[in-house]
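Dear colleague,

Please find below the structure that I am handing over to you.

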Amino acid sequence: RQNVNGGLKQPQAHITPPRKKARLSGPLTPIQEQRRLLPIARGKDALVQEIRANDVTVLLGETGSGKTTQIPQYLLEAGLADSGLIGITQPRKVAATSLAARVSVEQGTPMGGRVGYSVRFDERTGPETRIKYMTDGMLTRELLGDPLLSKYAVIVIDEAHERTLRTDLLLANLKRILRERNGDAHDKGKGKQRNPLKVVIMSATLDAEKFSQFFYNAKIIYVKGRQHPVKIYHCAQGQTDYVDAALRTFFQIHVDQPPGDVLIFLPGQEDIESLEKSVELFARQLPVGHAEVVVVPMFAALQGPQMARIFTATPRGARKCILATNIAETSITIPGVRYVIDTGKSKEKRYLAGHTGGGLDTLMTRDITKSSAMQRAGRAGREGPGFCYRLYTEEAFLAMAPTAEPEILRCSLAQAILQLLCLGQDIQELDLMDAPDVDAISSALRTLFLLGALDSHRALTPLGRAMASFPLEPAHARAVIASKELACTAEVLDVVSVLAASSKLFVDATDKRAEIAEARRALVHPTGDHLTLLNTVRAYRAAGGEPEKEGDEKEKVGRSARREWARAHFVNERTLKEATSIRDQLRVSCTRAGIDWRTSCGEREEPVLLSLAHGLAQNAALIAPDGSYKQIMGQSVVKIHPGSSMADKKVPAIIYDELIYTNQIYARGVSSIPKSFFATLGAFNRREA
Ligand code: ADP
Ligand code: MG
């Protein structure tokens, strides 16, 4: 058996103050009772004192101890938010929104009241808001308008161990802000601290030392969690089909083991949706007398209400089967879990910087790290002794990398560099915890130059500044800006909002390819995927009339008609709903940038494709005599993805959304464009710069 807290380093200070005598006030409401029982509650006063006494505090604590939900409330109650907001960052949107919902309930105020959230394309805050849960990306965006983050009295960087690109950029900026707002240590007492900032770095794993060193040896505080022993089983042999292995393991537990919910870790949404179907199918075939199975999926693209199902109590006599990505590792704790099944896999984004052409985005299912494996196992021991079934061998566990590589070392830097330039910062001079590779930096600079965001002296252009004002990737922002002159903003917004959504629009099931193609035949546009997307969004909205007021009788009818339409066409309705809300947000950004979002080019396709081509200039290829497509800026031969409507077509020139690498390099999101575009394209981007 392994201790799941294995490698936890010895902390600098333990805080377990004596228990206070129960106060003799009135009976506690159940929710207040729950708060009082969290492991962190016992250290409350000491924690608040430490945070009050230090500019930066590193807080290390096991998942589920109450860090994320309680610390902001303690600080609020202690008056630390009297001079400004408390902002808490999360790497993921769903975590930010669901935590805000929970803390609103604990505070007894409606969402957007005392407690709110802010994530890309969605915000719920008001004049009363004191505690704001937000994604790390949103706080980085706020830097653009408020470089000292002067609205905030306290900033909590949560899940710091994940080391996302945005978290790293924030940490670097916080160091600067602390210097400017709080003064250097030796300046203290010289009256320089007009609006001092408190920073709290929270992490569920090891790395505390590194954060502490980064902030001039900040104090590390360790919060003891409530971790019960977890018995770990490894497979004797490696598994080839982890989804099938998870299915079999689940039913072994379900049939043989005492009650307790089961949490299964899978790499991504597709595996989750496929396992969800098979668990439901097999559960129905169990002989009577077996407990009912309630399947609950959990992944980043879920919306709030779907997320809430995870926290509703399991019906008596039933067993919950939660299918989750690594979001359940540390961000969100699920009550009732006694068994964990770990496939040992997760999806990881990795960007391979190109030397000449655009880079290559890869999203690959990979082995997890040791640290993840230990976190996953730990989820089984929150409420009592638990069990973890690893669908990999012990040797495989021992061979895992200790922790994940920071995202800044493996992602595209174009958007980050653009934002930094707007702040007047040079990524190479920034005090980062880990400095990115020079190749990755020059590849990003080249992309920005080709988009016209930078001039030949690497200085930001007005076009670049305009691009940064959109909450979009630079390529998509460029397309929206181009749509102004080409008078097709309405169309481009519809396309870009689907591309910016968090899951794919088209449901792809290899076993049903023919049936799906038949259902979508009428939507396919001869120029390819982008206008097919546009057709789809518009046909969907037309299926129920444009969404009108909430609760409207006509709207209800419209809603079910649209749902039916999406099902019949094998289209992911979740993506369409998200795209609609993204579009609405982008309209606001357009208005602010002086672009009229109502401008439409009607049935004409060329302006839309040309606008998109402005953003995708680096992602273009020409057909070669042998029938293959060769990149224009780069040497690679690209193959069109079999899921594309252009898959078997031969046309003179194409643009594509991205290159993905599975077993070979595929272009995804492909449209045919006239060759004549290229004559104007490069020159066009440069001219506006
Ligand atoms: P930590 O950040 O230390 O991992 P949290 O503050 O996120 O801990 O969670 C503390 C407790 O609150 C956990 O037991 C978790 O199950 C519970 N909790 C969090 N969100 C919700 C929710 N939306 N509904 C019910 N319980 C929740
Ligand atoms: Mg947390």
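This is a predicted model: local features need pLDDT of at least 70, side-chain atom pairs count only at pLDDT 80 or more; totals for chains, interfaces and linings use all residues.

Residues are numbered from 1 along each chain as its sequence is written, and chains are lettered from A and ligands numbered from 1 in the order in which they are written.

The protein chain contains 24 helices and 22 strands (DSSP runs numbered from the N terminus: helices are H or I with at least four residues, strands are E with at least two). Of its 689 residues, 45% count as buried; a residue is buried if 20 or more other C-beta atoms, placed from the backbone, lie within 10 Å of its own, exposed if 12 or fewer, and partly exposed in between. Among contacts (C-beta atoms, placed from the backbone, within 7 Å) with a separation of 6 or more, 74% join residues 24 or more positions apart.

Six strands form an open sheet with parallel pairing, in the order β10-β17-β14-β11-β13-β12. Two strands pair if DSSP finds at least two bridges between them. The edges are β10 (230-234) and β12 (293-298); each has a single partner strand, so one side of each is left without a neighbour in the sheet. Within the sheet, β14 (residues 337-342) and β17 (residues 386-390) pair in the parallel sense over 4 bridges, and Asp 342 has Arg 390 in β17 as its bridge partner.

Helix α14 (residues 414-422) has 8 of its 9 residues buried, so it is largely enclosed by the rest of the structure. The buried residues include Ala 414, Ile 417 and Leu 421. Among the elements that cover them are α5 (136-145), α6 (165-182) and α15 (438-450). Just after α14, Gly 424 takes a positive phi of about 75°.

Ligand 1 is surrounded by 16 residues, the closest being Lys 67, Thr 68, Thr 69, Arg 102 and Phe 311; a residue is near a molecule if its C-beta atom, placed from the backbone, lies within 6 Å of it. The largest share of this shell, 4 residues, comes from α3. By type, the shell has 4 nonpolar, 10 polar and 2 charged residues (Ala, Val, Leu, Ile, Met, Phe, Trp, Tyr, Cys and Pro count as nonpolar, Asp, Glu, Lys and Arg as charged, and the others, Gly among them, as polar).

Yours sincerely

Note on methods:
Two residues are in contact if their C-beta atoms, placed from the backbone, lie within 7 Å.
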